[in-house]
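Hi everyone, thanks for having me.

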Amino acid sequence: MIESEFAQVAIKLVLLALVSLLIPASYRVIVGTTLPDRLQAVDLITTLLIGIIVMLALVEGTQGFVDMAIALAAFAFVGTISIARYISEGRAF
Amino acid sequence: MLLELLGVVALLFGLFFCGVGVLGVIRMPDALTRLHASGKVATLGLFGLLVGAALLMPAASLRILALGLFVLLTSPVATHAIAASVYRRQEILEELFEMRDEQVDVTAVDVSGILSRSLIQDIIEAQQRTHRPTEGGPTSNDN
């Protein structure tokens with residue numbers, strides 16, 4: 001756990017700011033005019049979610065959240081690559 | 001104490017680039033320029049956050065740096081794949097419009113959710129059928 005009060009407050013504020021950044025990012029998913037725009041916004045949201053999970057690991061003081069973030073990064077990479085190929089070529093693999 | 005101060009500074013650096021990237025994704029006019037903004041979130045923003053987290057929690061710093069290395073390797077590849085799909089889609093649309101000898105701004109055509117070439121062709125024909133009477137250009141002749 002982090003001892004100093006200053007670092008704890010800063011971590012919680014950064015976590016709050018990252019969660020509030022999800023709202024404008026999901027605006028682009030809903031409004032975005034074409035399909036690659038939506039895919040790109042979903043990729044942005046998963047990147048923000050990895051940051052949020054790491055911040056949660058800092059707040060809770062447990063290392064297990066970092067493993068969750070690694071798994072999310074791996075699956076997000078595979079998903080983004082396959083959907084991008086699906087858009088450009090009409091089939092995923 | 002110094003380590004925590006450095007960690008908080010790195011966290012604020014990453015948060016700044018996350019905010020700038022999301023702002024760019026909202027405000028930029030084109031898909032490719034938006035990709036430029038969202039690529040910064042993955043490399044500078046998230047890597048700054050991870051360096052800050054590794055400085056603040058030294059017990060888990062090895063895992064966090066492994067995650068950072070993985071993100072630093074994979075996210076440019078994903079961004080490049082999205083950019084290639086945008087470019088390929090614009091190529092298909094330009095080809096389809098050249099067959100009709102029409103000058104159309106390809107990036108403004110809304111074909112969201114359309115994947116294959118024949119489906120794009122069907123949608124463009126349907127859109128032109130609905131838009132033709134309202135435009136009233138010299139090429140519109142009712143028969």
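Let's start with H2(A) and H2(B), which pack at an angle of about 10°. Angles under 35 degrees count as roughly parallel, so H2(A) and H2(B) are roughly parallel to each other. Their axes lie 10 Å apart. Keep in mind that everything I show today comes from a predicted model.

Which residues of these two helices meet? On the H2(A) side they include A:Asp43, A:Thr47, A:Ile50 and A:Val54, and on the H2(B) side they include B:Ser38, B:Leu46, B:Leu50 and B:Ala53. Sorted by class, the contact of H2(A) with H2(B) has 14 nonpolar, 4 polar and 3 charged residues.

Now zoom out to the whole contact between the chains. Chain A puts in 43 residues and chain B puts in 45 residues. On the side of chain A that touches chain B, the elements giving two or more residues are helix H1 (5-31), helix H2 (35-60) and helix H3 (64-89) of chain A. Which of them gives the most? That is H2(A), with 15 residues. By class, this side of chain A divides into 29 nonpolar, 10 polar and 4 charged residues.

Next, a look inside chain A. H2(A) and H3(A) pack with their axes 9 Å apart, at an angle of about 175°. That angle makes H2(A) roughly antiparallel to H3(A). Among the residues of H2(A) in this contact are A:Leu39, A:Asp43, A:Ile50 and A:Val54, and they meet a set in H3(A) that includes A:Leu72, A:Ala76, A:Thr80 and A:Ile83. The contact of H2(A) with H3(A) has 19 nonpolar, 2 polar and 2 charged residues.

Let's stop at one of those names, A:Asp43, which lies in helix H2 of chain A. Is A:Asp43 buried or exposed? A residue is buried if 20 or more other C-beta atoms lie within 10 Å of its own. A:Asp43 has 27 C-beta neighbours inside 10 Å, so it counts as buried. Leaving aside neighbours within four places in sequence, A:Asp43 is in contact with A:Ala76 and A:Thr80 in chain A, and with B:Ser38, B:Ala78 and B:Ile82 in chain B. For a sense of distance along the chain, A:Asp43 and A:Glu5 are 38 residues apart in sequence and 34 Å apart in space, C-alpha to C-alpha.

Over to chain B. It has 4 helices and 0 strands, and from the N terminus on, its elements run α-α-α-α. Of the 143 residues in chain B, buried residues make up 33%. Among contacts in chain B with a separation of 6 or more, 57% come from residues 24 or more positions apart.

H1(B) and H2(B) pack at an angle of about 165°, with their axes 7 Å apart. H1(B) and H2(B) are therefore roughly antiparallel to each other, and their crossing is left-handed. The residues of this contact divide into 19 nonpolar, 8 polar and 3 charged.

B:Thr33 sits in helix H2 (residues 31-56) of chain B. B:Thr33 counts as exposed because it has 12 C-beta neighbours inside 10 Å. B:Thr33 and B:Ala83 are 50 residues apart in sequence, and their C-alpha atoms are 10.0 Å apart in space. B:Ala84 lies in helix H3 of chain B, and with 16 C-beta neighbours inside 10 Å it counts as partly exposed. Not counting residues up to four places away in sequence, B:Ala84 touches A:Ala84 and A:Ser88.

In soluble globular proteins, nonpolar side chains tend to be buried together. In this model, the largest nonpolar core has 56 residues, and those with the most contacts inside it are A:Val54, B:Leu50 and B:Ala53. The elements giving two or more residues to this core are H1, H2 and H3 of chain A, together with helix H1 (2-27), H2 and helix H3 (61-99) of chain B. H2(B) makes the largest share, with 13 residues. What does B:Leu50 touch? Setting aside residues up to four places away in sequence, B:Leu50 touches A:Val54, B:Ile64, B:Leu67 and B:Gly68.

And that brings us back to where we began, with H2(A) and H2(B) roughly parallel to each other.

Note on methods
Residues numbered from 1 in each chain as written. Chains lettered and ligands numbered in written order. Predicted model: local features only at pLDDT ≥ 70, side-chain atom pairs only at ≥ 80, totals over all residues. Contact = placed C-beta atoms within 7 Å. Nonpolar A, V, L, I, M, F, W, Y, C, P; charged D, E, K, R; others polar. Core = buried A, V, L, I, M, F, W, Y, C linked by C-beta atoms within 7 Å. Axes fitted to C-alpha atoms, helices over the stretch in contact; angles between N-to-C directions. Parallel < 35°, antiparallel > 145°, perpendicular 65-115°, else oblique. Left-handed = near helix turned anticlockwise from the far one by under 90°.
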